[in-house]
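This report describes selected features of a predicted model.

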Amino acid sequence: MPTTTIRIGYVPEHFSTPLYIARDRGFFTENDVSVELVCCPGGTGEMTSKLQDKSLDLAIALTEGLVAGISKGQDWYKIVGTYVEAPLCWAISTGANSRHTSIDTLNKTNVAISRFGSGSHIMAYVLADQQGWLTNDNKENSVFSFSALNNFQAMRDAVNSDASDFFMWETFTTKPYHDSGEVKRIGQITPPWPAFLFAAHVDLLQNHAQDLQRCLKAIQKATLLFMEQKENDSVKLVMDILNYNEEDVRNWFKTVRYAADHSQVSSRALQVTVSTLIKAGVVDAPGLAPENLVDLQVASLN
């Protein structure tokens, strides 16, 4: 018998489709685990906050957001596994009639983000670092200003009203709004780390580790089935749930790769993430090597 109900936070995007499969096909039930799926449109920042107030037990969140959070002292969760192994491609978007036509003019502008600590916030610094806009004097200070708007709709509205200059969001989620002309795509950025990791509240790890293992096993079965059927049933499922067009879904399936073992975490990938975030000024770790920061972040389930 399940000893608890695990509340799983997720973003309402195509990556999360296997969670619906696991729920609707009874994979959680057959693994003797009770699960409640909690939709978090505010993304990683919303999920780390909900982990803190204990309204979530497990989150499927962006690598950079989780790593930055723990590195900054968020000690109420640990990384316990990998969900999507392939990196996330972020589209850089401006308003339909914006003066910005390329990344080059974005320095010292206003960025629309979902929440502070979210991927849309952190990746702005990774972009600034790649563009050479960061100096020791302006790291995390004057390179950008930010407007935290909680959701994707508000971010699109902000760039069209000129309240903000640009935002960054996952490519295929943004593509319908590029295609319709609502917003304008001016570039993209793909960081060198896995897109989504599992993060568990420390209470879940301490008190219900076996339930957590069974939960990840059920999700593993769903992701395997989802990818096995990527030529037909899974395409239709994503189209039905998210109203995406078939070509976009098929193109996304060419890029996505779910982890072969959801209970594993690559220390090397986390080291790359930490090193990049330190360089970009997102994480300040004087005297602490990246590998030591990584040791603080992961809890093994094996």
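## A buried serine

Ser 98 counts as buried because its relative accessibility is 11%, under the 20% cut-off. This residue is found in the loop that runs between β5 (90-95) and β6 (110-113).

A polar atom of the Ser 98 side chain lies 3.0 Å from the backbone nitrogen of His 100. With neighbours within four places in sequence left aside, Ser 98 is in contact with Asp 165 and Lys 184.

In soluble globular proteins, nonpolar side chains tend to be buried together. In this model, the largest nonpolar core has 91 residues, and Leu 58 and Phe 196 have the most contacts inside it. Helix α9 (residues 209-228) gives the most to this core, contributing nine residues. Another core lies apart from it and has eight residues, among them Phe 152, Ala 158, Phe 167 and Trp 169.

Residues up to four places away in sequence not being counted, Phe 196 touches Val 11, Phe 15, Ile 60, Ala 61, Leu 62, Thr 63, Thr 82, Tyr 83, Val 84 and Leu 88.

## The largest pocket

The largest pocket holds about 240 Å³ of space. Its lining consists of 14 residues, of which Pro 12, Glu 13, Phe 152, Trp 169 and Thr 173 are the closest to its centre. Two or more lining residues come from each of the elements α6 (152-160) and α7 (171-179).

Helix α7 supplies the largest share of the lining, three residues.

Technical notes. Residues are numbered from 1 along each chain as its sequence is written. This is a predicted model: local features need pLDDT of at least 70, side-chain atom pairs count only at pLDDT 80 or more; totals for chains, interfaces and linings use all residues. Side-chain values use heavy atoms; hydrogens and water are left out. A nonpolar core is a set of buried Ala, Val, Leu, Ile, Met, Phe, Trp, Tyr and Cys residues joined through side-chain atoms within 4.5 Å. Buried means under 20% relative accessible area, exposed over 50%, partly exposed in between (1.4 Å probe, protein chains only). Helices (H or I, at least four residues) and strands (E, at least two) are DSSP runs, numbered from the N terminus. Contact means heavy atoms within 4.5 Å. On a 1 Å grid over the protein atoms alone, a cavity is a set of points where a 1.4 Å probe fits but cannot get out, and a pocket is an open set with protein on both sides within 12 Å along at least five of seven lines; lining residues have an atom within 4 Å of a point. Grid points are joined across faces, edges and corners, and a volume is the space filled by probe spheres set on the points. A polar contact is a pair of N or O atoms within 3.5 Å; within protein, one must be able to donate a hydrogen and the other to accept it, and residues adjacent in sequence count only if both atoms are side-chain atoms.
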